Amino acid sequence: MAGFRHVVIFRWNENATDERKRAMVDRLNALPGVIPEIEAYHVGDDAGVNPGNFDFAVVADFADRDAYLVYRDHPVHRAVIDEYIKPILAERAAVQYEL
């Protein structure tokens, strides 16, 4: 399998109400319909199996690094980050790798 994967995890702050998290998830789930470079897109809350985990994850697959860069810099994606993620974000970690 060839491709490029982006994985990002978030820990929420005290402003992360259920309503704000639902709005963020709705906006993230809309991105594949707006950014055609996204080949697969999965988002979800931590299952709560292991203590100390982050709260939420996004896993996105792309054909290659260039397609990921289109997504990373896309204005709609940037707006979701600025308007829905940053206000409830305490901590973020990410990794990208070749498939």
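**View 1. His74 in the loop between helices H2 and H3.** In this predicted model, His74 is placed in the loop that lies between H2 and H3, where helices (H or I, at least four residues) and strands (E, at least two) are DSSP runs numbered from the N terminus. With a relative accessible area of 18%, His74 is buried; buried means under 20% relative accessible area, exposed over 50% and partly exposed in between, using a 1.4 Å probe and protein chains only. Apart from residues up to four places away in sequence, His74 touches Val34 and Ile35, contact being defined as heavy atoms within 4.5 Å. Residues are numbered from 1 along each chain as its sequence is written. Because the model is predicted, local features need pLDDT of at least 70, side-chain atom pairs count only at pLDDT 80 or more, and totals for chains, interfaces and linings use all residues, while side-chain values use heavy atoms, with hydrogens and water left out.

**View 2. The packing of H2 against H3.** Two packed helices are described by the angle between their axes and the distance between the axes. H2 and H3 pack at an angle of about 50 degrees, and their axes are 5 Å apart; axes are lines fitted to C-alpha atoms, for helices over the stretch in contact, and angles run from 0 to 180 degrees between N-to-C directions. H2 and H3 are therefore oblique to each other, given that angles under 35 degrees count as roughly parallel, over 145 as roughly antiparallel, 65 to 115 as roughly perpendicular and the rest as oblique. Tyr71, Arg72 and Asp73 of H2 make the contact with Pro75, His77 and Arg78 of H3. The residues of this contact divide into 2 nonpolar, 1 polar and 3 charged, where Ala, Val, Leu, Ile, Met, Phe, Trp, Tyr, Cys and Pro count as nonpolar, Asp, Glu, Lys and Arg as charged, and the others, Gly among them, as polar.

**View 3. The packing of H1 against H3.** H1 and H3 pack at an angle of about 180 degrees with their axes 10 Å apart, and they are therefore roughly antiparallel to each other. On the H1 side the contact is made by Ala23, Met24, Arg27, Leu28, Leu31 and Val34, and on the H3 side by Val76, His77, Val80, Tyr84 and Ile85. The residues of the contact of H1 with H3 divide into 9 nonpolar, 1 polar and 1 charged.

**View 4. His6 in strand E1.** His6 has its place in strand E1 and, at 4% relative accessibility, counts as buried. Its side chain is joined to that of Gln96 by a polar contact of 3.0 Å, a polar contact being a pair of N or O atoms within 3.5 Å, of which, within protein, one must be able to donate a hydrogen and the other to accept it, and residues adjacent in sequence count only if both atoms are side-chain atoms. Leaving aside neighbours within four places in sequence, the residues in contact with His6 include Val58, Tyr68, Tyr71 and Arg92.

View 5. Ala40 lies in strand E2 and, at 22% relative accessibility, counts as partly exposed. Ala40 and Asp61 are 21 residues apart in sequence and 5.0 Å apart in space, C-alpha to C-alpha. Glu98, in strand E4 (residues 89–98), makes a side-chain polar contact with the side chain of Arg65 (3.2 Å).
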